[in-house]
Amino acid sequence: VTVKVLYFAVLRDLFGRAGESVALAPGATLATLAETLSERVPGLRAHLGSLAWGLNLELVPLQTMLKEGDEVALLPPVSGGRP
Amino acid sequence: LIEIVKSVLNSARYHSLLEDKSCGGLCIFEGRVRTHNEGREVERLEYECYEPMAVRQMSLIREEVLRRWGLGKAVIAHRIGFVPIGEAAVWIGAAAPHRAEAFAACRYMIDEVKHKVPIWKKETYRSGDYAWVGCGEEQSAAYKDHA
């Protein structure tokens, strides 16, 4: 399966681009994608614990299976601000 | 109304969109860019956005507050790109039959926007360096509630 991956904020700086297409084996999940990307860009590992995952505009868990043409967004913690 | 814009937030327009003769309480929150954060002098702020998802999340928040507090009108607007110090980056408004609902809904909307809408803030400091300002662990946990 080939998915479109989007990087934002600190991750866009880390990857040096806003997004790319990534080809994965059939049956791949977001966790598979996280591992594939981390092998290529080891700096990603430090962020994995705080990331949320957007799949076709919805927040989904890491175990979610990917299908052809999915749009995956790696979402660092949002801007926050003290209440 | 839900809106993400790259220019100055039009507060007069948002204000008029909150007009509702059945509503006696109107509460507005503006979040503005300030000169300092965590003890550092801020030179400028830039907001980045995953727009289609941000619009979707903002719509969900708005629908929820309209239902939960029986609001007449609700506005959520966010500015992205460079926002000069002193100007508003976010504008939230709630019109409700009574003030208690207006205050509660307004507070809820801004808290939800800060935690669940994919908009990130890049702070450039007087010293020349910059940082993507994330939130604390507690807040990122809230953001991940939906996961």
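Analyst: Happy to. One term to start with: a residue counts as buried when its relative accessible area is under 20%. Please keep in mind that this is a predicted model.

User: Thanks. Is B:Thr124 buried or exposed, then?
Analyst: B:Thr124 has a relative accessible area of 17%, so it is buried.

User: Where is B:Thr124 placed?
Analyst: You'll find B:Thr124 in strand β8 of chain B, which covers residues 119-125.

User: And which residues is B:Thr124 in contact with, leaving aside its neighbours within four places in sequence?
Analyst: B:Thr124 is in contact with B:Val42, B:Glu43, B:Arg44, B:Asp129 and B:Tyr130.

User: Let's switch to the sheets. What is the strand order in the open sheet of chain A?
Analyst: That sheet has five strands in the order β2-β1-β5-β3-β4, and the pairing is mixed. At the edges stand β2 and β4 of chain A; each has a single partner strand, so one side of each is left without a neighbour in the sheet. From one strand to the next, the twist averages 35°.

User: How do β1(A) and β5(A) pair, parallel or antiparallel?
Analyst: Those two are parallel, over four bridges. As one example, A:Lys4 has A:Glu71 in β5(A) as its bridge partner. A helix from the other chain packs on this sheet too: α2(B) touches β3, β4 and β5 of chain A, and its direction makes about 90° with that of β4(A).

User: Nice. What about β1(A) and β2(A)?
Analyst: Strand β1 of chain A (residues 2-7) runs antiparallel to β2(A), and five bridges join them. A:Leu6 stands opposite A:Gly19 in β2(A).

User: Which side chains of β2(A) are buried?
Analyst: The side chains alternate along this strand, which covers residues 19-23.

User: What does β3(A) pair with?
Analyst: One partner is β5(A), residues 71-75, in the antiparallel sense over four bridges; there, A:Gly54 has A:Ala73 as its bridge partner. Another partner is β4(A), residues 58-60, also antiparallel, with three bridges. In that pairing, A:Trp53 stands opposite A:Val60.

User: How many residues lie between β3(A) and β4(A)?
Analyst: Two residues, and the two strands form a hairpin. In the turn, A:Asn56 has a positive phi of about 50°.

User: Over to chain B. What is the order of the strands in its open sheet of four?
Analyst: The order is β1-β5-β7-β2, with mixed pairing. Strands β1 (2-5) and β2 (25-32) of chain B are at the edges with a single partner strand each, so one side of each is left without a neighbour in the sheet. Here the twist averages 10° from one strand to the next.

User: Which helix packs on that sheet?
Analyst: Helix α3 of chain B, residues 99-116, packs on the sheet and touches β2, β5 (73-79) and β7 of chain B. The direction of α3(B) makes about 150° with that of β7(B).

User: How do β2(B) and β7(B) pair?
Analyst: They pair in the antiparallel sense over eight bridges, with β7(B) covering residues 88-96. B:Gly25 stands opposite B:Ala96 in β7(B).

User: At what angle do α2(B) and α3(B) cross?
Analyst: Their axes cross at roughly 155° and come within 10 Å; α2(B) spans residues 51-68. That makes α2(B) roughly antiparallel to α3(B), and the crossing is right-handed.

User: Which residues meet there?
Analyst: From α2(B), B:Gln57, B:Ile61, B:Glu64, B:Val65 and B:Arg68 take part; from α3(B), B:Ala105, B:Tyr108, B:Met109, B:Glu112, B:Val113 and B:Lys116. By class, the contact has six nonpolar, one polar and four charged residues.

Key:
Residues numbered from 1 in each chain as written. Chains lettered and ligands numbered in written order. Predicted model: local features only at pLDDT ≥ 70, side-chain atom pairs only at ≥ 80, totals over all residues. Heavy atoms only, no water. Pairing = 2+ DSSP bridges. Axes fitted to C-alpha atoms, helices over the stretch in contact; angles between N-to-C directions. Contact = heavy atoms within 4.5 Å. Parallel < 35°, antiparallel > 145°, perpendicular 65-115°, else oblique. Left-handed = near helix turned anticlockwise from the far one by under 90°. Nonpolar A, V, L, I, M, F, W, Y, C, P; charged D, E, K, R; others polar. Buried < 20%, exposed > 50% of the residue type's maximum accessible area, 1.4 Å probe, protein only.
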